[in-house]
Amino acid sequence: MISTSFQSLDDVLKEFDLTMGLEVHAQVDTKTKVWCFCPISVGQAYENHYVCEICSGHPGTLPVLNEEVLNKAIRLGLALEGKIAPKINFDRKNYFYPDLPKGYQITQFKNPIVFDAKMEWDHTDSKKIIRIERIQIEEDTGKSTHHQDYSLLNYNRCGTPLLEIITAPDFHHPDDAVVYLKKLHAILKHLHICRGNLQDGNFRCDVNVSLSPKGATKLGTRCEVKNLNSFKNVEKSIIYESIRQANLLKSRGKVLQETRLFNMQEGKTYLLRTKSDADDYRYFPEPDLPSIFIASSKVKDILSQLPELPDQIKNRLQSDYGLNHYDASLISQSFDIVHYFEECVRNSSDPKNYAKKIANWILTELFRFLNEYNKEINDSPVRPKELVELISILESGKISHKQAKEVFAEMFDLKKSPSEIIASKGFEQTSDEGELKSILEKLILNHPKELEGIKSGNARMVGFFIGQVMKQTGGKANAQLATELLKKLIDQQ
Amino acid sequence: MILELHEKIKSKKISALDLIKHALKSIRSHQKENNAYISILDHHAELKAKQCDEWLSVKGNLPNYLHGIPFSLKDLFITKGIRTTAGSAHLANYIPPYDGHVSEKLQSSQAVLVGKTGCDEFGMGSTNENTPFGAVSLPGHPQHVAGGSSGGSAASVAEGSSIFSIGTDTGGSVRLPASFCGLVGFKPSYGVVSRYGQIAYASSLDQSSPLAIDVSDIAVVMEELSKSDPRDATQVYQSKHSWVDVIKQQTGKKGLQGKTIGFHPALWNSCDPEVQEVGASWMKHFQSMGIELVEIPMPSFEHAVATYYLVAPAEASANLARYDGVVYGYRTPKTPNLESLFVKSRSESLGEEVKRRILIGTFALSSGYSEDYFAKASKVRRLIWNDFKNAFQKCDFYFTPVCASTAFLKRQFNKIPMDPLKDYMNDIFTIPVNLAGVPAIALPTGVSSQGLPLGMQLIGPTFSDQELLAFARNLELELPIDHGAKNHWKDFL
Amino acid sequence: MNMKVNVDKNLLKHVAQLARLEFSESESDEYVKNLSNLLKYADGLQKAPTEGISPLYNPVEEGLMIGAKIQKGTQWENVKVSEQPHLHIDTEKKSLSVGEVLSNAPDQLENQIKINAVIEEL
C-alpha cells in the first residue's frame, strides 16, 4: 500500500519543491504536410485519404521540407524573442511503432531552428520568466484505434508539421504552467502558426514533473505525463502527479522515471512505460535533408511582417488609452481580450474618455461573469457593442451604477440589449430638470419645517426631500441631479 | 553505340521492335545460366517497342536518343505497377504505387524497360550472392560471379539482353560488376542524380549509376538521369551543358595532352599481378599520350573500409527499419503481440548479410558507443574528403584499380570459408569515392590470362562529371579498350 | 578513448532488441564472431588523426559549399549547383487513392491497415 499522507497540492508544497518543464507540440497551420504535398486533414476526415508514398514511408521515398513550416517556425521564434539558428539540421530519432511507418521520426536534435527564447509576464509584484530552450521542427505520427484484439491504423495525420516548444524546468506551480500554456496558445493562434483547436489535438502538451526536498539544489527523478490536450488536464495531472510522487517519496523513498498517460475521466495518471536503457533513440543526422542556411535577410523579412505582440500591446494600451500599467497588462494577456477591448473602444463615441471605463467593466464585471460561467471572452453573451451601450447609458445618468450592474447581469443571462432590459425593469431615471424642479418647488412650499432644518444644518432633511421626489417619480428620479437642484433652489431663497 | 542505333532507327533501317525482340531472345537463352533478371517484362517491352515504332511512323521524328533502346533496371529502382523486390524476400510481392525518378525519366524518353535485374539484397554485397533470388553468373563464366551488388545489371548488358542498365553504387556496387563484366560503369558525384524512387541502403553514399558498353552511351543516359528533381533535397547539381554535346566534342589525343593524373604505388602493391601489369601498361600509355603522372599518397584510404562499414550500416539500420510488416511487405503469420509482429516479420524475411549490417549499424549508433564508432568514422570520412581535395589541387584525375582481382569464384566453388570482413576488403578502391561523394568511372581494359575481364578506375573532383566523361571518352578512343559486349548487337550496327 | 568492446551474446541481444531482430543460438554465435571481428578491425580508426577535424556526415554539405562559391563566381564555369537544398512550396497535390495506399497492406479493414495486436497511442 502506498501511504496517502499527502492529500492536496498544498500538503505537498509544504515539504517539497515542485519543478516542471513543458513540451508543447503545436501542429503548424499549413496547407501541406511537412515533407510531402499531401493536404493536411482537418477535423473529421475519411481514413487514409490524405496519404501518399512519402508520408506512409514507402521504400525509395525522400522528405523535402515545406518552406512554410520553416517560415512559421522563424515567426514563432522571433515572437518569443528567441535566436534563429543560422544553419539548421534534421536528425533521425529511431524507434519502432505502427503509427510511424518509416521506423524513425525526423526531428531536430542538434541544430534546432530556434533556441534561447522566452516567455514573460507580470506576476503580482514580480516578473515571471520562463526560458524556452528550443523550438524544433518535426513530424506528427499516424493514429491508431484499438479494438478488442486488433488495431486499425490511419495515416492521415502522419507527416503533419509540428513545432515542439521545449522549456527549461522553470515551473514550480501548476498555475504558472497554465498561464504559460494559455499565453503560448494565444500567440500561436494570433500569428496564424497553429489553428489551436485543442479538441482536435492541434496543441498538445507533455509535462515533466519532479519533486525535491524543500531547498535542495538537485532535481528529483521526473515523470513525463504525455499528450495532455486541455489546460484543465494539465493542471489536474500536475496536481495528481505531485501528490502521487510525494506519497511515493514518503513511503518508498524514490520515484521511478516513467512515461505516464492522464486519464481524463478518472483524473489520474497511468504508467505507459518505464524509461530504461532500452530507450535508445540512436539519433543521427538525417542524410536525406542537407543543412539549410537561414539568411539574415529572410529573418528580417519575417520580423518586419510580425504583428504586434503582447508587450507592445501593453505599452500601446497605456500610451494610447491612458490605461494604468496593471489594467494594461491584464488586458494584453490575451489577444482575445485585446480585441474585445478595442472593439468596445471603436464603438464608443468618446474613446479618450471611455477607454478607462471600458477596461474597468471588462476587468471587473465581465471577468467575474466569464469566470463564474466558465466561458472564454470570445463566447461572452455580452458583445462589445452592447457593453459600450450600457456604459453610455450609465454615463448619461439615466441609470445608477447599481442598476447598471443589475442590467449587466441580465444582459449576460438573457442576451438582451441593455435598453430592452432597462425598459422592462423600468430603470430609466428621470433626469428631466424641469420636471424635477417643479416637484421640488412644490415640496419646498409644502414642507417649510423640513426646509428650515436643512438651513440650520440638518443634512438628514436633504434625504427627506429626495425621498419624496423618489416617491413621486416612482423611483426613477436621478438622485444626484435632484440633490443638486434642491441645493440650488435653497440657495436662491 | 546508342547514337549509332538511334540514327538507324530514325532512318527506319531497323525498328525498335527488332531491337527489343533481340533483347528478349537473349534473355530467354541466358536467363537460366546467368540469372540476370528477377522480373522479365516481355509483354510490357514488346508493347512499348510497338508504340515507339508507331510514334516514328506517325510523327516522323524521334524526340530522344533513347527512343526504342532496350534497357534494364536494378530491382532496387521503384517502378510503378511493376514488382520491385530490392532483391529481398521481404518485398517479394511489393508492387509500388508510385514511380521513381530513374524509371520515370527513362521511360518518358521512350527507352524500353525489358526487365528488373538481380542484386544483393538492398544492395548489400559485392558478389550478388546475398539474395534469395539467386546469384548472378558472369556471362560466359558460370563458376564466377558477375560482381555486386548490381550484378544482374552488369550481366544483362554483358549477355546482350539490354544496351544499358542502371544500378546503384553505394561502395562500388556498379563499378565492381562493370569491371568484372568488361563494361563501363559510372558513379556520378553525389547530388547529380535524384535518389527519389531508389530504395535506400545508405542515403549519404547511394547514387544511381549507369552501366553501358562504352563511355558515349553513359553520357547519353546521363542526359536523362541528371535531370533536376525537386523530390530529392540532396539533388543539388544541374547540368549546364548537354552531356551528349560534351561527348560529341571528341578531341582524341588533344583532350588528353597536358592533363595530369595522380596515382600511388602503395595502392597497387596488394593487387593481383595481372591487375598491376595492366595498371602499369595504362600508365605507360598515359605518358606516351602526353599525360603527366604524379605520385600522390592517400593516407586516409587505409581507414576507408572501416569507415564505410560503420557509416553505411548506421544509415542502413534506420533506412531498413520500415520493413516491419505493417504497411507493406512480409508479415509473419503469427502475431500474438506488437513486439513479435515486428521481430518475427523482420527476422523471417531479411537475409543474413542485411541483418549483419543492421546489427553493426544499430551498434555504431547506440548509446555509449556512437561517439567512438559513428562519430569517429564520420570524422575519418572528412579526412578522406580532404585527401581527395588535396590530390585534386595537384592532378585532374586520380587513377586506381577497381578491384585487386578479377571476378570471384562463386561460394560453392570457393574452398576458402566465408569471412564477411574479408569480403568487405574487396571494396577498398571503390569505397573512398562514395565516402567523399566524388565521381568515378570504371573502364574495361581487356581480359586476364583466364579470360576474365579487368577494369581500371578514374576518379575526378566533385561535380567534374562531364569533364571526367569527356576525358574517359577520349581515352576510350585512343586506348585498346575492349567492348566485347558490342558484338551482341553487331547485326544492328 | 581507444575502445575495446567485448562483444558477447548479451550485447548482441541488446542490439538485436533495438533493431527488432532475433536469432537462433547458432546464428547468435556467428553474429557475435562477425561483430567482434569487425569492431576489432574498426578499432584501427582510433589511430586516424581526427583531432580538430569536424565530422562529414554527407558529401552534399561540401556540394552546397561549391554551390555557394559558384554563386559568388569564384570558381567553376561548367556546372550549376544549388547553394540551398530544395524546399517545397505549400501547395497541395493529390494524395494516393485509398486503394493505392492499401494495395500492399498485409491486412486491412474499413480503409485502414489492420494489425492483430493491441497498441496504445504514444
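Mentor: Two strands are said to pair if DSSP finds at least two bridges between them, and strands themselves are DSSP runs (E, at least two residues, while helices are H or I, at least four), numbered from the N terminus. This is a predicted model, in which local features need pLDDT of at least 70 and side-chain atom pairs count only at pLDDT 80 or more, whereas totals for chains, interfaces and linings use all residues. Residues are numbered from 1 along each chain as its sequence is written, and chains are lettered from A and ligands numbered from 1 in the order in which they are written.

Trainee: What makes E7(A) and strand E10 of chain A a pair?

Mentor: Seven bridges join E7(A) to E10(A), residues 161–167, and the two run antiparallel; since the definition asks for at least two bridges, they count as paired. Within E10(A), A:Leu162 is the residue that stands opposite A:Glu138.

Trainee: How do you know that E6(A) and E7(A) pair, and what lies between them?

Mentor: Strand E6 of chain A (residues 114–123) and strand E7 of chain A (residues 126–139) are antiparallel and joined by nine bridges, with A:Met119 opposite A:Ile130 in E7(A). The two strands form a hairpin with two residues between them, and A:Thr124 in that turn has a positive phi of about 40°.

Trainee: Why is E13(B) called mostly covered?

Mentor: A residue is buried if 20 or more other C-beta atoms, placed from the backbone, lie within 10 Å of its own, exposed if 12 or fewer do, and partly exposed in between. In strand E13 of chain B, residues 440–447, six of the eight residues are buried, and the strand is therefore described as mostly covered.

Trainee: Which strands pair with E13(B), and in what sense?

Mentor: Strand E7 of chain B (residues 184–187) pairs with E13(B) in the antiparallel sense over three bridges, and there B:Gly185 stands opposite B:Ala442. Strand E14 of chain B (residues 453–459) also pairs with E13(B) in the antiparallel sense, over six bridges, with B:Met456 as the bridge partner of B:Leu443. E13(B) and E14(B) form a hairpin with five residues between them, and B:Gly451 in the turn has a positive phi of about 85°.

Trainee: What makes up the contact between chains A and B?

Mentor: Two residues are in contact if their C-beta atoms, placed from the backbone, lie within 7 Å, and on that basis the contact takes 23 residues from chain A and 35 from chain B. On the chain A side there are eleven nonpolar, six polar and six charged residues, where Ala, Val, Leu, Ile, Met, Phe, Trp, Tyr, Cys and Pro count as nonpolar, Asp, Glu, Lys and Arg as charged, and the others, Gly among them, as polar.

Trainee: Why is chain C called more spread out than a compact globule?

Mentor: Chain C has four helices and three strands, in the order α-α-α-β-α-β-β. Its radius of gyration is 24 Å, well over the 14 Å that the globule rule gives for 122 residues, so chain C is more spread out than a compact globule; the radius is taken over C-alpha atoms, and the rule is 2.2 Å times the number of residues to the power 0.38. The C-alpha atoms of chain C fill a box of roughly 60 × 55 × 25 Å along the principal axes, and 34% of its residues count as buried.

Trainee: What radius of gyration does chain A have against a compact globule?

Mentor: Chain A has 31 Å, while a compact globule of 493 residues would have a radius of gyration near 23 Å. Buried residues make up 43% of chain A.
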